[in-house]
Amino acid sequence: MLVDLSFRLLSRLPLSWLHRLGGWTGWLVYRASPSYARRLRANLFNALGREDEAVLRAAVAEAGRQAMELPWIWLRPAEEVVASAVRTEGWELVEQARSDGAGILFITPHLGCFEITAQCIAAKIPITVLYRPPRKPALQPLMEAGRARGQMRTAPADLSGVRKLVKTLRSHEAVGMLPDQVPGEGEGVWAPFFGKPAWTMTLAARLAAVKGVRVIYTWAERLPRGQGYLFRLQAPTEALTGELETDVAIINREVERIILQCPQQYLWGYNRYKQPRGGEGDADRRAAGEGEA
């Protein structure tokens, strides 16, 4: 009840106020949690290969802004949220893929405002996104409200959801997913991520192997002073090979390149290098036969 009320009250504030409040919140969390601060600093240093105080300070504030913008992104009218993406770069990639009759796999790292990307896409074309319930049950109805918009549909993060994603791609429609979450046991492989082994999901590579699929990387850069977002769509720089572990590593490299375009807006505080959590099942591996070309 309290979480719902807080989110609804915060959603009424202007985005610029939420981003200012988020900057302060980011520093409060950073100062209050030494383990979080150490992980953020270590991950950022590992990625950049150097200490960069300016990027570090910006990353601390941007993490808070990402959290505080969620009520606005989930609960404001869909038209207002989509309109906050004041500029779009690369939409011609989508138009070309649709003209070619391809299914589209949108891959979005935890960079910038990753919650808005599917909403921007769903305002123009149908998209099905992979959905995993939040750890805090109180957030689930709020998250569902924010993702049941436009032409957006959801697929659960289990075997039935994977089948739904494959079917969607084979129907020449679009699927969206985040590739840089630590998957469960049996749902990933070890692959380099900024030079360190990271347990990495195989699902993105398996979906990319569905016949006729076009991969497009997307992210939304958070503009300063609450001015909105720049929605970016980018083509891959490396061709996938069809060999699973090789393609997982390629996708990680693509994600690295995108992150380094705006390193201050990546969630460096996330424990990307942790051991895999226990999962209920090897969903993407059992769906492998459905994802083959």
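Which residues line the largest cavity? Let's start there, and keep in mind as we go that this is a predicted model.

The lining of the largest cavity is made of N43, F193, F194, Y266, L267, W268, Y270, R272 and Y273. If you sort that lining by class, you get 7 nonpolar residues, 1 polar and 1 charged. As for volume, the largest cavity comes to about 50 Å³. Searching the whole structure for cavities of 30 Å³ or more turns up 3.

F194 is in the loop between β6 and β7. Those strands cover residues 188–193 and residues 196–201, and they pair in the antiparallel sense over 6 bridges. If you want a spot to look at on screen, find P192, which stands opposite P197 in β7. The hairpin has 2 residues between the strands.

Now, what about the backbone there? F194 isn't a glycine, yet its phi is positive, about 55 degrees. For some background, most residues other than glycine have a negative phi. And is F194 buried or exposed? F194 counts as buried, because its relative accessibility is 9%.

There's another residue with that kind of backbone angle, and that's R225. R225 has a positive phi of about 60 degrees, and again we're not talking about a glycine. You'll find R225 in the loop between β8 (213–222) and β9 (229–234). R225 has a relative accessibility of 68%, so this one counts as exposed. Here's a distance to go with it: the C-alpha atoms of R225 and R153 are separated by 32 Å, and along the chain these two are 72 residues apart.

Which helix holds Q66? Q66 lies in α4, the helix that runs over residues 53–68. With a relative accessible area of 11%, Q66 is buried. So what does Q66 touch, if we skip its neighbours within four places in sequence? The contacts are G112, F114, R222 and L267.

S84 sits in the loop between α6 (78–83) and β1 (85–89). Its relative accessible area is 9%, so S84 is buried. Skipping neighbours within four places in sequence again, S84 is in contact with W72, I116, G228 and Y229.

Last topic, the cysteines. How many disulfides does the structure hold? The count is 0. Take C113, which is in no disulfide: the nearest cysteine sulfur belongs to C120, and that's 8.3 Å away. C113 counts as buried, with relative accessibility at 1%.

Notes
Residues numbered from 1 in each chain as written. Predicted model: local features only at pLDDT ≥ 70, side-chain atom pairs only at ≥ 80, totals over all residues. Heavy atoms only, no water. Pairing = 2+ DSSP bridges. Helix = DSSP H or I, 4+ residues; strand = E, 2+ residues; numbered from the N terminus. Buried < 20%, exposed > 50% of the residue type's maximum accessible area, 1.4 Å probe, protein only. Contact = heavy atoms within 4.5 Å. Disulfide = S-S within 2.5 Å. 1 Å grid on protein atoms, 1.4 Å probe; cavity = no way out; pocket = protein on both sides within 12 Å on 5 of 7 lines; lining within 4 Å. Points joined across faces, edges and corners; volume = space filled by probe spheres on them. Nonpolar A, V, L, I, M, F, W, Y, C, P; charged D, E, K, R; others polar.
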